Amino acid sequence: MTKRRVLLAAAGLMVLYLVTAVFHAYKPLPEGLDVATPWRTSGDIEFLADTTWTDRHGQRQSDHEIFGRALPTILSASRW
């Protein structure tokens with residue numbers, strides 16, 4: 001392949017990529033996904049974080065707040 005053909009192929013692929021990106025950015029949403037609802041307050045929220053770190057002795061430490069809260073909620077569900 002000549003250098004010109006390689007450049008034309010690369011330019012063609014770039015144009016195709018850009019056309020596809022623009023199309024997907026502006027295409028209409030499927031029926032039922034374009035619903036506008038009024039703003040609602042979030043109520044009582046709490047930030048939960050799972051953290052992992054290494055202590056000064058090189059031991060890996062973990063604090064799993066999310067899993068600790070999610071598992072009891074799942075187990076207390078009346079339906080799976």
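What follows is a walk through the fold, the surface and a few residue pairs of this protein.

The model is a predicted one, so local features were taken only at pLDDT of at least 70 and side-chain atom pairs only at pLDDT 80 or more, while totals for chains, interfaces and linings use all residues. Residues are numbered from 1 along each chain as its sequence is written, and side-chain values rest on heavy atoms, with hydrogens and water left out.

Starting with the overall layout, the protein has two helices and two strands, where helices (H or I, at least four residues) and strands (E, at least two) are DSSP runs numbered from the N terminus. Read from the N terminus on, the elements go α-β-β-α. The radius of gyration is 25 Å, well over the 12 Å that the globule rule gives for 80 residues, so the protein is more spread out than a compact globule. Here the radius is taken over C-alpha atoms, and the globule rule is 2.2 Å times the number of residues to the power 0.38. Along its principal axes, the C-alpha trace spans about 65 × 50 × 25 Å.

As for burial, 0% of the 80 residues count as buried; the cut-offs are under 20% relative accessible area for buried, over 50% for exposed, and partly exposed in between (1.4 Å probe, protein chains only). The accessible surface comes to about 8,300 Å², and 62% of this belongs to carbon and sulfur atoms. Those areas come from the Shrake-Rupley method with a 1.4 Å probe, and for residues only the protein chains shown count as cover.

The two strands go together. Strand β1 (50–54) and strand β2 (residues 60–64) pair in the antiparallel sense over five bridges, pairing being called if DSSP finds at least two bridges between two strands. In β2, Q61 is the bridge partner of W53, and R60 is the bridge partner of T54. With five residues between them, β1 and β2 form a hairpin, and G58 in the turn has a positive phi of about 85 degrees. T51 also sits in strand β1 and counts as partly exposed at 34% relative accessibility. From T51 to Q61 the C-alpha distance is 8.3 Å, for 10 residues of sequence separation.

Then there is the charged pair. The count of salt bridges comes to one, the rule being a side-chain nitrogen of Lys or Arg within 4 Å of a carboxyl oxygen of Asp or Glu. R69 forms a salt bridge with E46, and their closest N and O atoms are 3.1 Å apart. This pair links distant parts of the chain: R69 belongs to helix α2 (residues 65–75), and E46 to the loop between α1 and β1, 23 residues away. Between their C-alpha atoms the distance is 11 Å. E46 is exposed, at 54% relative accessibility, whereas R69 is partly exposed, at 43%.

Over on helix α1, which covers 3–26, M14 is partly exposed with a relative accessible area of 47%. Together with Y17 and L18, M14 forms a nonpolar patch on the surface, with about 350 Å² of accessible area in total. Patches are built from residues with over 30% relative accessible area and no salt bridge, joining like charges within 9 Å and nonpolar side chains (Val, Leu, Ile, Met, Phe, Trp, Tyr) within 5 Å.

Finally, A77 lies in the segment after α2. A77 is partly exposed, with a relative accessible area of 35%.
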